[in-house]
Amino acid sequence: MLKFKFLLWALTRLLQRAIKNNPGCANYVKGKELTFQMQTLSGVGRHFTIKNGAIQSAAGLTPSPQFTMTFKDAAKGFSILSAKDGKDAFLGALRDEDLVIKGDFVQVMWFQGLTEYLQPGTKPG
C-alpha cells in the first residue's frame, strides 16, 4: 500500500518537473482544467488537479472527478503504473479488470498524452 501511495505522490512531482522543464509539456497543459483521481477498490487514493498551467495533488478522494482510475488493489496499481511498457500494462489491466475507468474518456486520453512527457527521450506532439 505504501509503495502505491508513494508512486501517486511521485507522479505529481514528475509531472510538475515535466511542465517546468519541457516547453512542449507546459504548452500541453496550458489552459487545461481537469480533476481526476487514482484509487483502489478499497478507496485509498489521490486526486489530481490541473489548472492554470500547473498540476497539484492531495491524498484522498474528491467528490466530483472528471474521471477515476480504480485499481483492483494497491499492488496491482503499483505494478501497472510502474510497468516499463506502460501502454501494454494499462491495456492488459483494463482487459483483466484489474483497472476500471469511469468518467470522461476524452479526458482519460488527454491524460495519457500528458504521461508521454514522462518517457525518457521522447518529445510528444
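**Close-up views of a predicted model**

**View 1. Glu-97 in its loop.** Glu-97 is exposed at 61% relative accessibility (over 50% relative accessible area is exposed, under 20% buried, in between partly exposed; 1.4 Å probe, protein chains only). The model is predicted: local features need pLDDT of at least 70, side-chain atom pairs count only at pLDDT 80 or more, and totals for chains, interfaces and linings use all residues. Residues are numbered from 1 along each chain as its sequence is written, and side-chain values use heavy atoms, without hydrogens and water. The loop with Glu-97 runs between α4 (86–96) and β5 (99–103); helices (H or I, at least four residues) and strands (E, at least two) are DSSP runs, numbered from the N terminus. Phi of Glu-97 is positive, near 60 degrees. Most residues other than glycine have a negative phi.

**View 2. Asn-52 between β2 and β3.** Asn-52 is not a glycine, yet its phi is positive, about 55 degrees. Its relative accessible area is 71%, so Asn-52 is exposed.

**View 3. Helix α1.** The end C-alpha atoms of α1 are 28 Å apart, in agreement. Buried residues of α1 include Phe-4, Leu-8, Leu-11, Leu-15 and Ile-19.

**View 4. The largest nonpolar core.** This core has 28 residues (buried Ala, Val, Leu, Ile, Met, Phe, Trp, Tyr and Cys, joined through side-chain atoms within 4.5 Å). Its largest share, six residues, comes from α1. Phe-111 is among the members that touch the most others, as are Phe-36, Met-38 and Met-69. Beyond four places in sequence, Phe-111 is in contact (heavy atoms within 4.5 Å) with residues including Leu-11, Leu-15 and Phe-67.

**View 5. Thr-70 in strand β4.** Strand β4 covers residues 67–71. Thr-70 is buried, with a relative accessible area of 14%. Leaving out residues up to four places away in sequence, Thr-70 touches Gln-39, Thr-40, Leu-41, Asp-98, Leu-99 and Val-100.

**View 6. The largest pocket.** It holds about 610 Å³ of space. A pocket is an open set of points on a 1 Å grid over the protein atoms alone, where a 1.4 Å probe fits, with protein on both sides within 12 Å along at least five of seven lines; lining residues have an atom within 4 Å of a point. The lining has 21 residues, with Leu-81, Gly-86, Thr-115, Leu-118 and Gln-119 nearest the centre. Helices α1, α3, α4 and α5 each give two or more residues to the lining.

How values were computed: Points joined across faces, edges and corners; volume = space filled by probe spheres on them. Expected span 1.5 Å × (residues − 1).
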